[in-house]
Amino acid sequence: MAQYYLEPSRTFSEFLLIPNLSTKNCTPQNVDLKTPITKFKKGEQPAISLNIPFSSAVMQSVSDHNMATALARCGGISFIFGSQSVEDQAAMVRKVKEYKAGFVVSRSNLKPEQTLADVLKLKEENQHSTVAITEDGTSSGKLLGIVTSRDYRLSRDSLSKPISEFMTPFSSLIYGTSGITLPEANDLIWEKKLNCLPIVDENQLLQHLVFRKDYDADKENPQGLLDTNKSYIVGAGINTKDYMERVPALVDAGVDILVIDSSDGYSEWQYETVQYVKQNFDVKIGAGNVVDREGFLYLVEAGADFVKVGIGGGSICITREQKGIGRGQASALIEVAEAREQYYKETGIYVPICSDGGIVHDYHITLALAMGADFVMMGRYFARFDESPTKKLKVGNNFVKEFWGEGSNRARNWQRYDSGGKQGLVFEEGVDSYVPYAGSLKENLDKTIHKIKSTMCNCGSLTIEELQNNARITLVSATSLVEGGAHDVIMKDNGLSAE
Ligand code: IMP
């Protein structure tokens, strides 16, 4: 006979935190969000800790090398998506490891045959003052010129004027060549009174831009997640099919930590993959996803350095509709966290857990941490920012970014959903969608972090460990959910006049 879980499985929105006494030293400035992501013995230090409990999802539409450097600069980690060729994924990892603070990939690019109107439109969209003009309009095309507001006069120039007629052409540009160091680039910027120095390779292909304002980038980001060589720490997703080719290439590229990316991690394939990596490489590896105690203990026994929790809660996920498997994210997390505590008591080994998917409001992150997660993984949250790899589009009056699931027809990441049969995606488990564009990662992250820290102060906790130990969490009834938002008032932005 089947086994029944008669308690309904619950999600974050069904819980609230009850404040504890806030002592006077409980201020956001005193809160430390440092958190382990690899297992460690009681009394020892984990090999890798994050400075903020955030990781970006193993997804084509979220985690490429740009996201990885931007997030590591803020103290979190990206797991670069594995649904691409081994070479391409390894190249992305290498880019992060070789990234030098202060060198940025150009984000506003146009072709010379485009017009002044295109420049103005792009500047309005991106709020960038410098537009690189490349042969193919990409960030790595042949650099033909640069446009800043000094290159045109709106009062005189026609909006249809081609860029080639007013850009500062390459022949008049001061530029650096590949291999230039940041101090050398900055010396040029100061000497020649530039705002921006383009860096090109020997074929005049654009590599990076160095901006005067980024000079102190390193100092502005004291939270940056660095390895002992001062390179950013980066993760990568792998699957249980081609790991024997993929893992060596990723390790060679310098990856710090791997995660097996699967919608259901409670499988012998995961066990074998973890064991293969542990026996052959000196690299950390997480596994998942699971939603219960049994799944957690199985992956821990395999040797996983962390375990990822969550099935079916992702914003683009239709696994529950398609297959009828999954569990409310809060219930899954609570059970796994309990199993982890028991395992820690019995063995003295602490295995971090990651809550993956279903974070909708910032407070869900705090709840996940309070329920025992050491860090969260998010897709939708990060997809909204400039740094995600997808296109920004205007739909109606709003800017949006594209965001698609790994199980959608667009990504066709069948390895993530494979259960040993025919190789290929037979049915979709994810959708192709838009998310509202939200601006830069750092600005949004700073706000979210501030919210988490102030909630932790309400809960009388200065560290995530204290929050996990001290939190008091209450279920909310469906009726009391209504009083949680604005209610019984007329909102000013609903178009009603106040006469
Ligand atoms: P989000 O933060 O709610 O957007 O959830 C992101 C998570 O959804 C990822 O980290 C994956 O675990 C999961 N995910 C990604 N793509 C798909 C998909 O196509 N179907 C189901 N789940 C997915």
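1. In what order do the 4 strands of the open sheet with mixed pairing stand? The order is β8-β9-β10-β11. Helices (H or I, at least four residues) and strands (E, at least two) are DSSP runs, numbered from the N terminus, and two strands pair if DSSP finds at least two bridges between them. β8 (109-110) and β11 (168-169) are the edge strands; each has a single partner strand, so one side of each lacks a neighbour in the sheet.

2. This is a predicted model, in which local features need pLDDT of at least 70 and side-chain atom pairs count only at pLDDT 80 or more, while totals for chains, interfaces and linings use all residues. Residues are numbered from 1 along each chain as its sequence is written.

3. Opposite V131 stands V147 in β10.

4. A further open sheet has 3 strands, ordered β22-β23-β24, with antiparallel pairing. Its edges are β22 (392-395) and β24 (432-436), each with a single partner strand, so one side of each has no neighbour in the sheet. From one strand to the next the twist averages 45 degrees; here and for helices, axes are lines fitted to C-alpha atoms (for helices over the stretch in contact), and angles run from 0 to 180 degrees between N-to-C directions.

5. β22 and strand β23 (residues 398-404) run antiparallel and are joined by 4 bridges. K394 has F399 in β23 as its bridge partner. The hairpin of β22 and β23 has 2 residues between the strands, and G396 there takes a positive phi near 65 degrees.

6. How do helix α1 (residues 65-74) and helix α14 (residues 441-458) pack? Their angle is about 40 degrees and their axes are 10 Å apart. That makes α1 oblique to α14 (angles under 35 degrees count as roughly parallel, over 145 as roughly antiparallel, 65 to 115 as roughly perpendicular and the rest as oblique). The crossing is right-handed, meaning that the near helix is turned clockwise from the far one by less than a right angle. A70, L71 and C74 of α1 make the contact with L441, K442 and L445 of α14; residues are in contact if their C-beta atoms, placed from the backbone, lie within 7 Å. By class, the contact has 5 nonpolar residues, no polar and 1 charged (Ala, Val, Leu, Ile, Met, Phe, Trp, Tyr, Cys and Pro count as nonpolar, Asp, Glu, Lys and Arg as charged, and the others, Gly among them, as polar).

7. Helix α2 (residues 86-98) packs on helix α6 (residues 243-253) at about 20 degrees, with axes 8 Å apart. The two are therefore roughly parallel, and their crossing is right-handed. Contact residues include V86, Q89 and A90 of α2 and E245, R246 and A249 of α6. The residues of this contact divide into 6 nonpolar, 1 polar and 5 charged.

8. Which of the 23 residues around the ligand come nearest? They are G314, G379, G405, G407 and G430, where near means a C-beta atom, placed from the backbone, within 6 Å. β21 (375-378) and α12 (380-383) each supply at least two residues of the shell. The shell comprises 8 nonpolar, 11 polar and 4 charged residues.

Definitions and conventions. Contact = placed C-beta atoms within 7 Å.
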